[in-house]
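These are my notebook entries on one structure. I record what I looked up and in what order.

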Amino acid sequence: MQDTVAVALITALSTSAAVAVTGMVGAFSTRRQRAHQLTLSRQENVERRATRRGELRREACC
């Protein structure tokens, strides 16, 4: 009986540890993806502003 309880506790603890590790990896991955998306968004905004600025200068010049 004690062996069964020990095995059950070990199984429960290992499952809980696996869930915790999986959650941390998922959170880390999501954080990196969001940071990358933010970087891409900022770059696109800079490019869009530069394009618009060039268009305005051409319109004002001619």
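Is Arg57 exposed or buried? I found that Arg57 is exposed, with a relative accessible area of 59%. The terms I use are buried for under 20% relative accessible area, exposed for over 50%, and partly exposed in between, with a 1.4 Å probe and protein chains only. Arg57 has its place in helix α1.

Entry on the source. I note that this is a predicted model, in which local features need pLDDT of at least 70 and side-chain atom pairs count only at pLDDT 80 or more, while totals for chains, interfaces and linings use all residues. Residues are numbered from 1 along each chain as its sequence is written, and side-chain values use heavy atoms, with hydrogens and water left out.

Entry on the overall form. I looked up the secondary structure and found one helix and zero strands in the protein chain. The chain has a radius of gyration of 27 Å, well over the 11 Å of the globule rule for 62 residues, so it is more spread out than a compact globule. That radius is taken over C-alpha atoms, and the rule is 2.2 Å times the number of residues to the power 0.38. Helices (H or I, at least four residues) and strands (E, at least two) are DSSP runs, numbered from the N terminus. I also noted the span of the C-alpha trace along its principal axes, which is about 90 × 10 × 5 Å.

Entry on distances. I looked up pairs of residues, C-alpha to C-alpha. Val7 and Ala60 are 53 residues apart in sequence and 79 Å apart in space. For Ala12 and Ala50, the separation is 38 residues in sequence and 57 Å in space. Thr15 and Ser41 lie 26 residues apart along the chain, and their C-alpha atoms are separated by 39 Å. Val7 is exposed at 51% relative accessible area, whereas Ala12 is partly exposed at 41% and Thr15 is partly exposed at 45%.

Buried residues make up 0% of the 62 residues. The accessible surface of the chain comes to about 5900 Å², and 61% of it belongs to carbon and sulfur atoms. Such areas come from the Shrake-Rupley method with a 1.4 Å probe; for residues, only the protein chains shown count as cover.

Entry on patches. Which residues make the nonpolar surface patch of about 360 Å²? I found Met1, Val5 and Leu9. Met1 is in the segment before α1 (2–61) and is exposed at 81% relative accessible area. A patch of positive charge on the surface gathers Arg48, Arg49, Arg53 and Arg57. Patches are made of residues with over 30% relative accessible area and no salt bridge; like charges are joined within 9 Å and nonpolar side chains (Val, Leu, Ile, Met, Phe, Trp, Tyr) within 5 Å.

Entry on charges. The chain has 10 positive and 5 negative charges, whose mean positions are 9 Å apart. Lys and Arg count as positive, Asp and Glu as negative, and His and the chain ends are not counted. The place of a charge is NZ of Lys, CZ of Arg, CG of Asp or CD of Glu.

Entry on the salt bridge. I looked for a side-chain nitrogen of Lys or Arg within 4 Å of a carboxyl oxygen of Asp or Glu, and the structure holds one salt bridge. Arg52 and Glu55 form it through their side chains (3.5 Å, N to O). Arg52 and Glu55 are three residues apart in helix α1, so about one helical turn separates them. Arg52 is partly exposed at 43% relative accessibility, and Glu55 is partly exposed at 32%.
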